[in-house]
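Please work through the exercises below with the sequence and coordinates at hand. Each task is followed by a solution in steps.

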Amino acid sequence: MNVKFLNPFVSSAHDILSLEMHELVERGDLRLDHGSYQTDDVTVIISLVGAVDGTVFYSMSKEVAVGLASVLMGEKFDSLDRLAQSGVAELGNVITGQASMKLAEAGFESNISTPSLIIGKGATISTLEFPRLVVPLTTSIGSLTIHLALREGLQSNLKTPELEVPKVDFLQKGE
Amino acid sequence: MDAKLLNPFIQAAVEVLKAEVDTDVTRGEISMQKSSLTSDDITVLINLVGDVYGVVMYGMQKNTCLNLVSKIMGQEFTELNSLAQSGMAELGNVISGRATIRFSETGYKSNISTPTVLTGNGIEISTLDFPRIVVPLETQFGILTVHLALRTKNPGEPHNPDEFISLIKAPLSPKVS
């Protein structure tokens, strides 16, 4: 995986979590993982399609998911109900959205998919031939791990049908 | 979810299964589900981005997957190793790709993501507020269940990631204190 795709995700996650939680977020040691990933309690999956292609996972324990949802949505959750689930998915969405804007600024425009949430420990998720860059982040609530299985979207065009992707200039949005 | 999104996937699945594994397909009863999906042994997950967007999942039992992959790849598979998973992912890729070509013929352009393969049954997969249309496709090799959680936007309208962000506002210029 191209390491230049890493920083936008780390800085977006850091900015958003720090802003929401009023504390600094620590980054743990990076590692590159070629095998498949054994799920934690909660995993948010979002794909990128475009000049950057692949999948991003955000994985965490149930306690961290409930804690993050409580902080982000400003109400106390006791369990991972539907609303808390959508809070966690939105967090993945916001981080990925901001990272994709930063990637677009660097010349890699891509679109992000809607999030899917996987709940349940011990399943195996494979990104096939994409190795994953694993980034643990530590907050006072607990740790959140980002998995990036991304590459430049050149080869994948061979696999996907030859269709035009609507170009979006994120910088001009809202004008 | 709009039912017009359903037929391209069913047609694509029928054609691809016929071409790849030479099997006739019988469509089971279609249902609409709002709760999260409880995974089968193997689930291939592919996202769509564009005028048609959302997620498509192909779920099946281990034996069905092994039968299909053995037939496609022309070699006997007895376990869900990475090659078998990759074969199954490719099948999902081809069906989804073909369906998006049909969408583009009706003016809806979209692109598919790389596939993700989830193994392990009994795990919940939630598409959040997207209801799913569930279509079981019966073949001689077993049942392939297609789950579609898709929406459309007007053709040509820009893809806006913020569209889904309703609960949390992303800070435009983050301030870290």
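**Conventions.** The model is predicted, so local features need pLDDT of at least 70 and side-chain atom pairs count only at pLDDT 80 or more, whereas totals for chains, interfaces and linings use all residues. Residues are numbered from 1 along each chain as its sequence is written, chains are lettered from A and ligands numbered from 1 in the order in which they are written, and side-chain values use heavy atoms, with hydrogens and water left out.

**Exercise 1.** Determine whether His147(A) is buried or exposed, and identify the side chains with which His147(A) makes polar contacts.

*Solution.* Step 1: locate the residue. His147(A) lies in strand S10 (residues 143–152) of chain A; helices (H or I, at least four residues) and strands (E, at least two) are DSSP runs, numbered from the N terminus.
Step 1: The relative accessible area of His147(A) is 3%, so the residue is buried (buried means under 20% relative accessible area, exposed over 50%, partly exposed in between, with a 1.4 Å probe and protein chains only).
Step 2: find the polar partners. The side chain of His147(A) has a polar contact of 2.8 Å with that of Arg132(A) and one of 3.2 Å with that of Ser59(A). Such a contact is a pair of N or O atoms within 3.5 Å; within protein, one must be able to donate a hydrogen and the other to accept it, and residues adjacent in sequence count only if both atoms are side-chain atoms.
Step 3: list the wider surroundings. Beyond four places in sequence, the residues in contact (heavy atoms within 4.5 Å) with His147(A) include Tyr37(A), Phe57(A) and Val134(A).

**Exercise 2.** Identify which residues touch the most other members of the largest nonpolar core.

*Solution.* Step 1: define the set as buried Ala, Val, Leu, Ile, Met, Phe, Trp, Tyr and Cys residues joined through side-chain atoms within 4.5 Å.
Step 1: The core has 46 residues, and Phe9(A), Tyr58(A), Met60(A), Leu68(A) and Val88(A) touch the most other members.
Step 2: trace the contributors. Helix H3 (82–105) of chain A is among the elements that supply at least two residues each, and the largest share, 8 residues, comes from H3(A).
Step 3: note the second core. A separate core of 41 residues includes Val52(B), Cys65(B), Val117(B) and Leu144(B).

**Exercise 3.** State how many helices and strands chain B has, and where its pLDDT stays under 50.

*Solution.* Step 1: count the elements. Chain B contains 3 helices and 10 strands.
Step 1: consider confidence (pLDDT is the predictor's confidence in each residue, from 0 to 100). Chain B has a mean pLDDT of 85, but the value stays under 50 over residues 161–177 of chain B.
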